[in-house]
Amino acid sequence: MKVIKNPTVDKLINLYEGIIVQDRLNIERHRGSQVLNHRVFEEALVQDKMILGALKCAKAHGYSGEE
């Protein structure tokens, strides 16, 4: 996991958007692979989408993370 100095909601949103892209790439790379179970990547994608949604919701409701 990447560590962000001086995290803000916007920086975390950008981070999770990048993570979701990586999750999707991992799913495509390992689809049908016998070595790695691609379901792990699908579960990570679902989790990361939920986190991104929560961050966007928090931002939309005025949360800045500086409280």
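Helices here are DSSP runs of at least four residues, numbered from the N terminus. Keep that in mind for the loop between α1 and α2, where R31 has its place. The model is predicted.

**Stop 1: the two helices**

Select residues 9-30. This is helix α1. How far apart are the axes of α1 and α2? They are 9 Å apart, and the helices pack at an angle of about 160 degrees. Angles over 145 degrees count as roughly antiparallel. The two helices are therefore roughly antiparallel to each other. Look at the handedness too: α1 passes α2 in a left-handed crossing. Sorted by class, the contact of α1 with α2 holds 13 nonpolar, three polar and nine charged residues.

**Stop 2**

In soluble globular proteins, nonpolar side chains tend to be buried together.

L45 sits in helix α2. Is L45 buried or exposed? Its relative accessible area is 12%, so L45 is buried; the cut-off for buried is under 20%. L45 and K2 are 43 residues apart in sequence, and their C-alpha atoms are 16 Å apart in space.

**Stop 3: H30 in α1**

Go to H30, which lies in helix α1. H30 has a relative accessible area of 18%, so this residue is buried. Now show N26 with its backbone. What lies 2.9 Å from the backbone oxygen of N26? A polar atom of the H30 side chain does.

**Stop 4: the loop**

Select R31. You are now in the loop between α1 and α2. With a relative accessible area of 46%, R31 is partly exposed. R31 and Q47 are 19 Å apart in space and 16 residues apart in sequence.

**Stop 5**

A54 has 47% relative accessibility, so it counts as partly exposed. Now select T8. The C-alpha atoms of T8 and A54 are separated by 14 Å. Along the chain, these two residues are 46 residues apart.

**Stop 6: before α1**

Select N6, found in the segment before α1. Check the backbone here. Phi of N6 is near 50 degrees, a positive value in a residue other than glycine. Is N6 buried or exposed? At 64% relative accessibility, N6 counts as exposed. The cut-off for exposed is over 50%.

**Stop 7: after α2**

Finish with G65, in the segment after α2. G65 counts as partly exposed, at 41% relative accessibility. How many residues separate G65 and V40 in sequence? They are 25 residues apart in sequence, and 30 Å apart in space, C-alpha to C-alpha.

Note on methods:
Residues are numbered from 1 along each chain as its sequence is written. This is a predicted model: local features need pLDDT of at least 70, side-chain atom pairs count only at pLDDT 80 or more; totals for chains, interfaces and linings use all residues. Side-chain values use heavy atoms; hydrogens and water are left out. Buried means under 20% relative accessible area, exposed over 50%, partly exposed in between (1.4 Å probe, protein chains only). Axes are lines fitted to C-alpha atoms, for helices over the stretch in contact, and angles run from 0 to 180 degrees between N-to-C directions. Angles under 35 degrees count as roughly parallel, over 145 as roughly antiparallel, 65 to 115 as roughly perpendicular and the rest as oblique. A crossing is left-handed if the near helix is turned anticlockwise from the far one by less than a right angle, and right-handed if clockwise. Ala, Val, Leu, Ile, Met, Phe, Trp, Tyr, Cys and Pro count as nonpolar, Asp, Glu, Lys and Arg as charged, and the others, Gly among them, as polar. A polar contact is a pair of N or O atoms within 3.5 Å; within protein, one must be able to donate a hydrogen and the other to accept it, and residues adjacent in sequence count only if both atoms are side-chain atoms.
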